[in-house]
Amino acid sequence: MDEKEKRAAVLNRAEEWGVKFVRLQFTDIFGVLKNVAIPVDQLPKALNNELMFDGSSIEGFVRIEESDMYLRPDPDTFVVFPWRPHEGTVARLICDVYNPDGTPFAGCPRCTLKKVMAEAAAMGFTMNAGPEAEFFLFHTDASGRPTLETHDRAGYFDLTPVDLGEDARRDMVLTLEQMGFEIEASHHEVAPGQHEIDFKYAEALTTADRIATFKFVVRTIAQRHGLHATFMPKPIYGINGSGMHVNISLSKDGQNAFYDPSDKLGLSQTAYQFIAGVMTHARALAAVTNPTVNSYKRLVPGYEAPVYIAWSPRNRSPLIRVPAKRGSSTRIEVRHPDPSCNPYLALAVLLKAGLDGIKKGMTPPPPTDKNIFAMTPAELQAEGIGVLPGSLDEALEALAADEVIKEALGPHIYERLTLAQKLECEQYRTRVHQWEIDQYLTKF
């Protein structure tokens with residue numbers, strides 16, 4: 001189906017479903033979902049890429065003197081929101097952001113991912129990705145503001161009546177399925193109030209779109225249950241934080257490019273090189289895959305999150321795990337990203353790092369099959385195992401020195417993203433926190 005036929009199909013579906021309003025959605029550089037709502041009679045104009053908006057008010061976009069931007073909807077992303085009444089049906093389209101001269105906007109995260117995907121395509125590769133996004137459900141207070149009170153005291157894979165969030169999670173799954181998601185699993189996670197819903201892998205752009213939609217749906221349905229859903233990486237001290245493990249594979253000529261039955265681990269040279277690329281750039285990647293000050297409260301030993309730059313086909317303590325399935329299911333699982341990241345930028349830099357490993361023929365170190373968390377500093381040094389950044393400041397220093405990952409982001413996004421992150425670090429550094437009050441107020 002060509003673009004003209006796709007646009008016609010969208011218009012037909014909108015009429016068939018009685019759509020009254022369409023949300024044109026996109027993300028800012030931090031991955032926060034934005035939208036412009038239009039009445040359905042403006043949909044033909046939107047599909048013809050004729051709708052402008054003021055980009056100067058969007059975080060990290062443009063200066064006020066260069067504010068006019070165009071939204072280009074992707075017809076493949078048209079979906080009707082199932083929670084609206086039929087007579088006022090609302091649909092959405094995810095958009096790319098373009099300059100008035102018809103060129104892709106350098107600050108559009110979706111266009112940034114497309115750029116790296118085009119680089120992979122030129123090498124003959126298509127990237128597939130499947131996320132495992134965790135989140136917490138908290139009570140709200142009488143004013144509707146979120147609290148840190150969890151709705152249960154359940155643990156990993158627990159069920160009702162212990163898991164009081166099961167009703168909310170079930171409604172999330174049903175809503176996502178109505179919107180075209182293929183849900184593979186949903187369950188209670190390790191920490192009280194923590195949940196995970198896994199959906200099927202897809203080509204990278206589709207997956208990034210789905211992550212943005214997933215977060216929006218989860219928060220919307222939680223609100224309808226009187227709960228607050230948060231993808232904050234570490235909302236509560238002393239329990240597990242929320243990660244977003246990303247399962248990645250490359251395909252070439254319709255075949256899984258990570259699989260080689262003749263290898264003792266069933267992995268191809270392409271897979272080894274991709275792993276090496278991700279490990280080489282891991283510290284710089286963290287500034288994008290773990291983009292907040294709070295992200296580094298999760299990346300500490302003892303709570304299942306990876307800290308060390310290693311890989312293994314057997315255990316879950318390293319940065320990269322290779323799940324057991326082979327053949328068409330051969331993949332790697334990158335375990336350090338968290339769900340506060342911009343999904344478009346995170347997948348773009350992960351792909352760029354892996355492609356760099358392939359281009360340069362990198363070789364990863366031997367796999368680490370023992371529990372890294374139990375190893376001494378001397379053992380870690382002897383094995384040559386590096387460490388992820390311990391703070392956002394450290395991650396930004398690593399990113400500043402990594403030209404490959406900076407190239408993936410492009411100068412516009414790199415400069416604006418890191419400027420905002422440095423400001424966040426400074427605000428955090430100079431703020432007086434409750435821990436300090438508790439520790440020092442009466443002591444000195």
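Residues are numbered from 1 along each chain as its sequence is written, and side-chain values use heavy atoms, without hydrogens or water. Because the model is predicted, local features need pLDDT of at least 70 and side-chain atom pairs count only at pLDDT 80 or more, whereas totals for chains, interfaces and linings use all residues.

The structure contains 18 salt bridges, each defined as a side-chain nitrogen of Lys or Arg within 4 Å of a carboxyl oxygen of Asp or Glu. One of them joins Arg110 to Asp96, with 3.0 Å between the closest N and O atoms. Helices (H or I, at least four residues) and strands (E, at least two) are DSSP runs, numbered from the N terminus. Arg110 and Asp96 are both buried; buried denotes under 20% relative accessible area, exposed over 50%, and partly exposed the range in between (1.4 Å probe, protein chains only). A network of salt bridges links Asp74, Asp96, Arg110, Lys114 and Asp209.

A further salt bridge, at 3.3 Å from N to O, pairs Lys352 with Glu407. Since Lys352 lies in helix H9 (residues 343–359) and Glu407 in helix H12 (residues 403–430), this contact ties together parts that are 55 residues apart in sequence. Lys352 is buried, at 6% relative accessible area. Asp171 and Arg170 also form a salt bridge (3.6 Å, N to O). Here Asp171 is partly exposed at 24% relative accessible area, and Arg170 is likewise partly exposed at 44%.

On the surface, Val432, Ile437 and Leu441 form a nonpolar patch with about 290 Å² of accessible area together. Patches consist of residues with over 30% relative accessible area and no salt bridge, like charges being joined within 9 Å and nonpolar side chains (Val, Leu, Ile, Met, Phe, Trp, Tyr) within 5 Å. Accessible areas were computed by the Shrake-Rupley method with a 1.4 Å probe; for residues, only the protein chains shown count as cover. Leu441 is located in the segment after helix H13 (434–440) and is exposed, at 60% relative accessibility.

Helix H7 (residues 282–289) packs with H9 at an angle of about 165°, the axes being 9 Å apart. Axes are lines fitted to C-alpha atoms, for helices over the stretch in contact, and angles run from 0 to 180 degrees between N-to-C directions. H7 and H9 are therefore roughly antiparallel, a term applied to angles over 145 degrees.

Notes:
Angles under 35 degrees count as roughly parallel, over 145 as roughly antiparallel, 65 to 115 as roughly perpendicular and the rest as oblique.
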